[in-house]
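Please take a friendly walk through this model with me.

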Amino acid sequence: MLGFLKRPIVVTAEVNLNMVSLTVASLLSRLWCLSYPRAVVFDEVYYGPFISFYMNRVFFLDDSGPPLGHMLLALGGYLGGFDGNFLWNRIGAEYTKNVPVWALRLLPALAGALSVPMGYQIVSELRFSHCAAIGAALLLLIENALITQSRLMQLESLLIFFNFLAVLSYLKFFNVQKHSTRYMGIFTYLLVLCVAAIHAWHLIGDQTLSNVRVLCHVFARAVALVVLPAVLYLLCFYVHLTLLYRSGPHDRIMSSAFQASLEGGLARITQGQPLEVAFGSQVTLKNVFGKPLPCWLHSHQNTYPIIYENGRGSSHQQQVTCYPFKDINNWWVIKDPERHQLVVSNPPKPVRHGDVVQLVHGMTTRFLNTHDVAAPLSLHAQEVSCYVDYNISMPAQNLWRLDIVNRQSDRDTWKTILSTVRFVHLNTSAVLKLSGAHLPEWGFRQLEVVGEKLSRGQHESMAWNVEEHHYRTSQEQRGQELELHTPMKANFSLNLSFMARFLELQWRMLTLQSEEAEHRYSSTPLDWVTLDSNIPYWLNPRSSAQIHLLGNLVIWASASMATATYVLLFLWYLLRRQRDIHDLPEDVWQRWVLAGALCGGGWAVNYLPFFLMEKTLFLYHYLPALAFQLLLLPLVLQHTWDHLCRTQVQRGVFSALVVTWYSAACHVSNMLRPLTYGDRPLSPGELLALHWRDSWDILIRKP
């Protein structure tokens, strides 16, 4: 029974020393002097405030993508004990003692370092040679731009890491039929999904597999590549919204309901408000669309000009606008047309869907009005005003029908914050709408409000919601103003569900258009391939030491040539196969196609979409695409050796050229090292010697 004790227990482990060596070398290259410089470097000024928001639990919105990258940066700060107190106001600002620079830069550096051995594994899983795998890893190891970017508090190295992780996970799944997958980067995810779909289609046509086995294959891919990513995506936002529960500077672009679900801010202002809007309620009306700015229905004593600049006339009545700031002139009274008083009755009479109301401006007591007069800027629409009686046969047209857009039934009551409503003009059927145009100086650059005909369709710019709400009980002006600062006894809870907040956040991220000015160091996608641009990241204020985002010219040019070579060879082989000429064995052809789909496709999906983006672009946006090119480059070299060099002489010459080329790449990498790490000052002569292109901006201080 205890016979197994008569033999020694032996544990056998395989250690890939090449992987270990590559990992150690990449860690050294990325972690060495990581806290230098102890100053804000280029886009750290952009990502730093988000980290502070996480530390202080303050809500923010960034339209660059899901918050996973920001959370990982914040995790480094949390582990390092960062309290979030630092003013990220300028590039080059010295970090204070409370900022754990090393910890904040650690996770991007680790991601950049681990991408090197992952590159090795991806090439190995593609069934290419050990030399090709080492070649890919070494290119990732010495490329200067990848080193620079991964040593800073920025997201590109994290994106490359998750891109590689997605590809490697699927390859391992495909090769050994085990489940393991994650993703980061929608385009790389879609690429892997397409490759998986093609593989699944071939499996369906495989007659050697039973129906049950085929279903298992398809189900496993669906779970790994559809269900699990969706769950991870939701989980990412769940953590994000759970952590950021306090109001902050970004929540003003969210809906009133979203803002009221955050601690402080609007939640503090609206605490104790009545839920149901009644006749006599005093309210502020926020436009749901909020473009180009979140704003509230507003009026003031100033009137429209009698004659506009183009000679066209107006009604000369009181201006009605949408104002992007809290103001006493944003308050309106919801009046019952059949009742003279402007106070809430006892008991309050709630306003329901379909009721006819009048909106009375709280400070001037004039009625919201629209009529058949062209709006100041939107000539196809009607002017909206507060009615002034000039005794010129222009009667008031101030009756509006309430339309609750998100009603559950036609008897729904109008609710504070929760109800989205439209105001339909009774006489002309025009709908109260924010046009989004800025009025001239006579309108104080406020946003134009118009009456839009229903026939032109419905839009969020026609929708409004009550944000602040008081039951008006005083007819006197002074008493009204005091009521606005008196808390109400009634209260209601407004806790939005996670899915409601998640869906609204997705919509805001998709539609948010940040006003980005042209940047001095911005560039175009065409500049990236030829490395016509660089970015000065940091300049030592006391010496000529500096850090640049600058790629290795030899590697970048070779990567582009390898991509072009692959495409030409693929098309050549495909054309000949159509003529039933098979230059490659079937298994080699399948491996060649898969390598191109993942590596060449990875370059394409991470590069080509930038041609369609209307945003300020920088050289670092190309790095994820470049990383895939660096995987493809050694594959093309191996293919050339295996299938295009047919004699020993050709292979000998080709090997010598490859050694010479790689030596040149290492030499260039070493020459650019001072600009990669910024760890030593350079003389004007040394800086001039590195000014290889006229388009590069190398900073040379005059003595």
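Valine 356 has arginine 401 as its bridge partner in β8. Strand β8 (residues 400-404) and β5 pair in the antiparallel sense over two bridges; strands count as paired if DSSP finds at least two bridges between them. Strands here are DSSP runs (E, at least two residues), and helices are runs too (H or I, at least four), numbered from the N terminus. β5 also pairs with strand β4 (residues 331-335), again in the antiparallel sense, over four bridges. There, valine 333 stands opposite valine 360 in β5. Because five of the six residues of strand β5 (residues 356-361) are buried, the strand is largely enclosed by the rest of the structure. Buried means under 20% relative accessible area, exposed over 50%, and partly exposed in between (1.4 Å probe, protein chains only).

This is a predicted model, in which local features need pLDDT of at least 70, side-chain atom pairs count only at pLDDT 80 or more, and totals for chains, interfaces and linings use all residues. Residues are numbered from 1 along each chain as its sequence is written, and side-chain values use heavy atoms, with hydrogens and water left out.

How far can you trust each part? pLDDT, the predictor's confidence in each residue, runs from 0 to 100. The protein averages 86, and 91% of the residues score at least 70. Among the elements, strand β3 (residues 318-323) has the highest mean pLDDT (96) and helix α12 (residues 477-483) the lowest (52). Over residues 178-184 the pLDDT is below 50, yet this stretch has 25 contacts in the model beyond near neighbours in sequence. Residues 484-491 also fall below 50, with 15 such contacts. A contact means heavy atoms within 4.5 Å. Where pLDDT is low, the predicted coordinates should not be read in detail.

Now step back to the whole protein. Its domain assignment gives domain 1 (26-234 + 525-690) and domain 2 (281-471), with bounds that come from an automatic or database assignment. The centres of the two domains, taken over C-alpha atoms, are 53 Å apart.

What about the interior? A nonpolar core is a set of buried Ala, Val, Leu, Ile, Met, Phe, Trp, Tyr and Cys residues joined through side-chain atoms within 4.5 Å. The largest one has 130 residues, and those touching the most other members are Phe59, Leu126, Phe164, Ile535, Tyr537, Leu623 and Leu631. Leaving aside residues up to four places away in sequence, isoleucine 535 touches partners including Phe42, Tyr521 and Phe618. Apart from that core lies another, of 32 residues, with Val277, Tyr304, Trp414 and Leu432 among them.

Finally, look at the charged side chains. A salt bridge is a side-chain nitrogen of Lys or Arg within 4 Å of a carboxyl oxygen of Asp or Glu, and by this rule the count comes to 18. Here are some of them:

| Salt bridge | Closest N to O |
|---|---|
| Glutamate 467 and lysine 326 | 2.5 Å |
| Arginine 407 and aspartate 410 | 3.0 Å |

Glutamate 467 lies in strand β12 (residues 464-471) and lysine 326 in the loop between β3 and β4, so this pair ties together parts that are 141 residues apart in sequence. Glutamate 467 is buried, with a relative accessible area of 0%, while lysine 326 is partly exposed at 43%. Salt bridges that share partners join Lys286, Lys326, Glu467 and Glu468 into one network.
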